[in-house]
Amino acid sequence: MSTVTTTTSVHAPSVGTGHTRVEGRDKVTGAARYAAEVPFAGLAHGWLVLSTIARGRIRALDTEPVLAMPGVLAVLDHRNAPHLNTDYAGLLGKPDPTCAVFQHDRVPHLGWPVALVVAETSEQAREAAEALVVHYEQQPHDVELTSDHPGSHPLDGHMPAVTEKGDLDARLASSTFVVDVEYTTPEEHHNPMEPHAATARWDGGRLEVTDSNQGVTWVAGELQNLFSLDPASVRVRSEHVGGGFGSKGVRAHQVAAVMAATVLRRPVRVALTRRQMFTLAGHRSPTIQRVRLGADPDGRLRALEHRSVSRTSTFHEFVEPSTGAARVMYDADAHHTANHVVPLDVPTPTWMRAPGEAPGSFALEAAFDELAEKCGIDPIELRLRNEPETGPVSGLPFAGRNLAACFREGARRFGWADRDSRPGVRREGRWLLGTGTAAASFPAGSAPSTATATAHPDGTFTIRISAADIGTGARTALALVAADALQVAPERIRMRIGDSDFGPAMIAGGSMGTRSWSWAVKAAAGELRERLALGADIPAQGLTVRSDTTEAVQALRPAERHSFGAQFAEVAVDVTTGEVRVRRMLGIFAAGPIVNPLTARNQLLGGMVWGISMALHEEADRDRASGGVVGADLAGYHVATHADVPRIEADWIEDTDPDDPVGIKGLGEIGVVGAAAAVANAVWHATGVRHRSLPIRPDRVLTAAAGAPDA
């Protein structure tokens with residue numbers, strides 16, 4: 001037995017100071033292994049075969065010639081695959097049938113998994129998969145989203161589909177200024193740098209899955225349900241994740257790997273290609289959004305309507321909740337919002353960084369800019385005049401709403417006061433110059449989590465939590481939180497994450513991960529420090545304390561909890577070539593206490609770059625004839641590069657929630673919100689033409705310059 005002194009001097013806080021990633025050296029030296037790099041003895045490789053039709057049935061598969069090919073071990077399809085249980089509600093509800101592979105002969109979209117070929121090497125598996133002949137009974141398909149599609153219907157997601165208060169038509173009719181416009185956003189894809197990959201194996205009657213995901217306990221729970229396994233018999237590990245953005249949940253490749261490992265009784269790895277990710281990893285649905293605003297002569301809203309139509313698949317419903325932003329940002333006597341979906345023969349959309357808020361903020365904040373123009377009021381002043389005192393829909397108080405402070409600080413730093421409000425008057429050679437702004441918000445939620453903190457006789461501490469660091473720097477942030485709770489230097493903290501054996505914890509999603517995990521880590525580490533301060537002995541195996549924040553989270557006072565921000569952009573537009581360049585961009589955010597300024601700024605900047613991509617580049621074009629994405633790779637799918645982002649800054653103001661024992665708010669998504677709208681509003685200021693469809697491509701700029709109506 002021994003005792004450990006947690007601190008011998010006044011502790012200098014770690015939270016709020018910049019720290020490089022604790023796993024940084026491992027990542028740059030290659031010591032950090034990602035899911036497809038972990039070695040296993042006797043490893044076999046699976047390759048998914050995807051349908052070549054968009055709708056129909058499988059009539060036959062010519063598997064015998066494939067089974068005779070070198071190295072081929074098995075071909076799994078709907079005729080011989082293990083049966084799966086899909087009659088359950090998991091963490092996010094009913095499972096998407098896409099992950100329940102090989103259970104029937106129906107094909108609901110192009111790229112539907114129809115078989116898995118398993119071989120000794122990945123090269124043999126791919127060659128055999130490409131040689132497999134599948135015969136189909138093809139049926140007509142529909143992949144086109146329209147606002148008047150007969151299948152359109154309201155759909156609840158994590159928020160109600162429809163909210164209504166007040167007489168909308170009457171308030172619009174009595175308004176001095178009215179905006180009634182339609183905006184569209186395209187299909188977008190996550191494309192994390194690390195492709196999806198999973199290895200499954202059975203070890204002593206226990207299923208072990210090495211994966212790249214955003215929540216090990218989430219994936220473990222889904223696999224338990226799908227394969228009807230005892231919870232204690234499944235372990236999922238995901239230590240290093242090269243990006244997720246909402247796409248790395250439960251997917252076809254993990255389930256197929258478990259199936260193959262179960263049949264062959266040896267480790268099997270299934271990894272997706274970049275092209276397969278465009279089909280099997282989910283995507284952001286395109287949206288068609290109508291915004292109607294009515295205002296008094298002084299710009300105060302009398303009416304607000306925001307309606308959005310997105311698409312879903314024919315076999316699993318998912319809604320892109322684009323009107324969520326309007327339910328938080330602005331109030332009016334008549335306030336109506338609605339999220340509708342259209343079932344089409346496409347893969348199921350899914351969560352994608354800032355789901356709902358990213359496309360929704362483009363429409364809402366662009367419409368507000370149009371209203372500012374009609375009212376003759378500065379866009380920032382118009383927003384400040386319409387600051388709500390309580391949640392426009394919920395009626396709950398705001399647990400801190402520092403949006404006005406973000407705008408004032410951003411305007412000062414951006415030089416907004418020197419702006420000539422007239423569009424199309426600034427020119428620099430062949431370039432027209434313009435500036436724009438937009439507001440941003442994203443929920444700051446919490447979810448129950450567990451963690452353990454262990455004190456070792458050598459004076460170090462180990463924190464274990466089933467968290468996922470998907471590139472955000474969460475592992476480092478949690479180490480800083482633990483260090484302050486224990487009042488020791490961060491170097492004495494060892495973080496262990498990404499293992500379902502550590503107990504349930506929130507997934508990395510909804511900008512809730514670090515906030516939820518920090519609460520659990522702080523609780524465990526704080527109790528451990530109290531025990532040590534009382535002279536508790538430390539056995540050789542260490543002294544461990546476990547926390548569970550379920551009751552504390554449930555006891556949190558109901559309130560509108562959000563991060564807020566103000567986005568500013570300056571663009572240059574060449575109307576002879578259609579080129580749009582973002583010259584500089586500034587985001588000022590109110591996102592609670594900042595745990596690690598170094599990684600926090602990276603998250604905000606990354607989100608803002610994503611917003612630039614959304615405004616000017618990203619667009620997946622779905623071919624009506626085939627039903628598939630044209631150019632489903634990183635050559636055909638355009639994103640912003642370094643050359644597109646010459647000067648971009650992100651900063652924050654002080655922001656606290658006195659009722660919240662943690663106070664931390666998420667940063668992973670707020671940087672995206674409003675960024676595309678700020679760029680689009682700047683393009684209008686430069687050219688005098690409104691672009692209501694993203695991305696603002698050169699051909700659209702040229703069409704507008706030729707005198708066409710607003711794009």
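Student: Great. How many residues has helix α15, and how far does α15 reach from its first C-alpha to its last?
Tutor: Helix α15 (residues 597–616) has 20 residues and reaches 28 Å, close to the 28 Å expected at 1.5 Å a residue. That expected span is 1.5 Å times one less than the number of residues. Helices here are DSSP runs of H or I with at least four residues, strands are runs of E with at least two, and both are numbered from the N terminus. This is a predicted model, where local features need pLDDT of at least 70, side-chain atom pairs count only at pLDDT 80 or more, and totals for chains, interfaces and linings use all residues. Residues are numbered from 1 along each chain as its sequence is written, and side-chain values use heavy atoms, leaving out hydrogens and water.

Student: New topic. What is the strand order in the open sheet?
Tutor: The order is β3-β5-β1-β13-β10-β11-β12, seven strands with mixed pairing; two strands pair if DSSP finds at least two bridges between them. At the edges, β3 (72–76) and β12 (234–237) each pair on one side only.

Student: And in which sense do β11 and β12 pair?
Tutor: Parallel, over four bridges. Glu-208 has Arg-235 in β12 as its bridge partner.

Student: Last one: where does Arg-171 lie?
Tutor: Arg-171 is in helix α4 (residues 168–173), and Arg-171 is partly exposed at 29% relative accessible area.

Methods: Buried means under 20% relative accessible area, exposed over 50%, partly exposed in between (1.4 Å probe, protein chains only).
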